[in-house]
Each structure stands twice: as structure tokens, then as C-alpha cells.
Amino acid sequence: MLTHVGCRLFTYTDFSKAFDRVPHSVLIHKLRRFGVGQPLIAWLESYLTNRVQIVKIGNFLSRKISVPSGVLQGFHLGPLLFTVFINDICECFTCAFFLLFADDLKMSLVIRTPEDYDKLQYDLSNLQEWCLRNGMELNPTKCKAMTFSHSRTQINFQYRISHFPLEKISLVKDLGVTLESSLQFSQHLSNAVGKAFQMLGFIRRTTQDFNGIAALKTLYCALVRPNMEYASCVWSPHYATHVHALSLVEHKFLKQVAYKLHILDNYTDSEVLTLLNMSPIISRHKKRDLQTFYNILHGRVIALELLQKINICIPSRSTRSIDSFHYPSHRTNFGSNSFISRCSRLANRHTDIDFFSPYVRFLNQLDNVIM
């Protein structure tokens, strides 16, 4: 039997006009089922039903059209009512793991045998039946399937929604991070560096007459650096070429500052960073890694799968080792530079940081050790 250890398949679904298609009768029924009673249920029903809409262009008004479905957008009740409506969608999934945020639904399953493909298709069929019962509709043309794996051999399985085949993709933008099927982040880093250079060019063109260095620093921290730091714990680079690309953006900015200070012929990047009271971009990545690592360890961030992978060293006898965390050896760069292994190795290297101290003290140690 053909197996695929470590292959995870994701399906990205898209609801067609999700907030506008919510049937009022179904929503009211679910509210009653959740225990909402009178007079609140009557108030919500009057709030939703008997609504009309018109279009105004200049002084002309269209005829009134009744609105038989949908939750009002732009109000606090809209997202809350939609959450109540879609809450029971979790009953569709018997095998697959799912992530749901408003109308953004992702399903995934680790594929080890060909039968696992059928399990995911079964849950997709259950999702389609839920949509039919609740007056919703999936847009098959916008639903995608993507496999994350290092394996070169994969089973060619065609997923379907309402007899429409799902498009297979190798690149997707998920919550602002570009993911690749090969589990690399080259494309995301390329996009981030490109956007950073664009904003840096914009700052250079619009601040030619600026003499205040503080203003340049503020613009750089607000418009350029976020492109190179957003979700860095996920895609933090470990290849020298990627690190160089990020450092090059920083170097261009520091060169601009040095020009304003008339020290272009005799300066180093570290000297200008010290003058601006700033940390290098790579050091900021390390700080973000260790801060997130601390938050997961102390439950400040709920990530149970990552927490299970953190191994605290408890020696059975007196040894010379002073490591606080144990991490397994890996045969690949991908494994050795994964988040937990990377942070465990970094934490052991900085023995002056106490990861079991109060949060404020930990942050002070972090700032003092990693400059």
C-alpha cells in the first residue's frame, strides 16, 4: 500500500455572498435552539425581517426591494449573528481538521494512505449538504486544494464540490503569508522584500527636503519594517541569501540616514543603528521568536500542538550541560530550522535569559541580551 508520511492536504473553501445569504428563518430557529428566549428573540426577529433596500443616484431613487435574507454588515450584531448561524458547521467534519474564522473555512487532513483522500472527500460532501440545509452556497470556482509535502510521489486525487472539480494550487496567500506546497517561504520573502523596497523608495522621494532623522526613522518603522517582520515566526529565513535580502533593505535605509548626517564616507551600519537606537532586522526576528516561544510556554498564546513539542531538560544526574530545553536532531534543514527547534536552540544559547521568570523581567532580559 502506498503511504505518504508527512503529507498534509488542505482545501480552501469560499462561500458565495455568505453574509447576504443567511436565511432569517433558519437563523431565528438556531437562536431559539441555543436558548435565546423572549423578548430578545422577538426583538432580533423584528431587527432582521421586513427590511427593504433602495439605490440612490443623485436625486433619483430606485424602487424598494425586500431583503429576505442576510445579516446587516457594519453593525456589531452582524458578525455575532453570523457566528451563531455558522456555529454548527463543525458537525460536518468527522475526519478532517478544520479552521473557521467568520466565513473563511479551511479543512485539512494528514494523508498516509489512499483511503485518507476518501475521508476528506466525505467531509466535503457533508459540508455541501450543510450548505443545502442552511441556504448557503459554496463557490466551486474559488475553492482550492493544496498539498503540503516534501514527497515527490503523490496520488493524483480529484476533489469535487457539487460535481465540480477543485483546482489544485501550489501557492496560496493565507492570512497575509504566502505559503508554498514545498513548505518553503521564498515567494513570501521575495514579496516582502519587494514591498519594503517600494515603500523605501517612496520615503526617499518624498523626504528629499527632510533634515529631521527622527521623521525618517518613524516613516521607516511604520511603512517599511512591518513588511519584513509580519508573521516572521512562521517564515523566519535561515538561508544566507534570504538573510542578505532583508539586510539589504535595512542597509539602503541606513545609507540614506548617513547621507542626511553627512557621514556617508565613514560609517558602518551598526554605528548608524546605535545612533538611531534601533536593532538589526535579524535581531528583531530573534526577539520575536523568543517572545512567542515564551508566550506558548506560559500559555499566553494558545498553541497546544507547539506546546507539546517543547521539551524541558530535567537531568537525572549532575552534568556540565546547562541547556534548559531539549530538541531532537534533524536530518534536514527544514526540520532543524522549524519554529520549536530554532527557538529551543536559541534559548539554550542565551543563558542570561530566564524563560521561567515573570513576563516583564523576561522582556527586560531579552532587550539587554539581544541587541
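Modeller: Please keep in mind that this is a predicted model.

Colleague: Which side chain does arginine 284 meet in a salt bridge?

Modeller: The partner is glutamate 229, and the N to O distance in that salt bridge is 2.3 Å. Glutamate 229 belongs to helix H6 (residues 213-229) while arginine 284 belongs to helix H10 (residues 281-297), so the pair ties together parts of the chain that are 55 residues apart in sequence.

Colleague: And is glutamate 229 buried or exposed?

Modeller: Glutamate 229 is buried, because its relative accessible area is 8%, and buried here means under 20%.

Colleague: What else does glutamate 229 form a salt bridge with?

Modeller: Glutamate 229 also forms a salt bridge with arginine 288, where the closest N and O atoms are 3.9 Å apart. Arginine 288 lies in helix H10 and glutamate 229 in helix H6, so this pair ties together parts that are 59 residues apart in sequence. Salt bridges with shared partners join Arg225, Glu229, Arg284 and Arg288 into one network.

Colleague: How many salt bridges does the structure hold?

Modeller: There are 13 salt bridges in the structure. One of them is formed by the side chains of arginine 33 and aspartate 88, at 3.4 Å from N to O. That pair links distant parts of the chain, 55 residues apart, with arginine 33 in helix H1 (residues 24-33) and aspartate 88 in the loop between helix H3 (77-86) and S6. Aspartate 88 counts as buried at 11% relative accessibility, whereas arginine 33 is partly exposed at 47%.

Colleague: Changing topic, what is the strand order in the open sheet?

Modeller: Five strands form the open sheet, in the order S6-S7-S1-S8-S11, with mixed pairing. Strands S6 (97-101) and S11 (167-168) stand at the edges with a single partner strand each, so one side of each is left without a neighbour in the sheet.

Colleague: How do S6 and S7 pair?

Modeller: S6 and strand S7 (residues 104-111) pair in the antiparallel sense over five bridges, and leucine 99 stands opposite lysine 106 in S7. Helix H4 (residues 114-133) packs on the sheet, touching strand S1 (7-14) and S7, and the direction of helix H4 makes about 160 degrees with that of S7.

Colleague: Last one: which residues form the nonpolar patch on the surface?

Modeller: That patch is formed by Ile302, Leu304 and Leu307, which together have about 320 Å² of accessible area. Leucine 307 sits in helix H11 (residues 304-307) and is partly exposed, with a relative accessible area of 33%.

Note on methods:
Residues numbered from 1 in each chain as written. Predicted model: local features only at pLDDT ≥ 70, side-chain atom pairs only at ≥ 80, totals over all residues. Heavy atoms only, no water. Patch = residues over 30% accessible without salt bridge, like charges linked within 9 Å, V, L, I, M, F, W, Y side chains within 5 Å. Areas by Shrake-Rupley, 256 points an atom, 1.4 Å probe, with all protein chains shown as cover. Salt bridge = Lys/Arg side-chain N within 4 Å of Asp/Glu carboxyl O. Helix = DSSP H or I, 4+ residues; strand = E, 2+ residues; numbered from the N terminus. Buried < 20%, exposed > 50% of the residue type's maximum accessible area, 1.4 Å probe, protein only. Pairing = 2+ DSSP bridges. Contact = heavy atoms within 4.5 Å. Axes fitted to C-alpha atoms, helices over the stretch in contact; angles between N-to-C directions.
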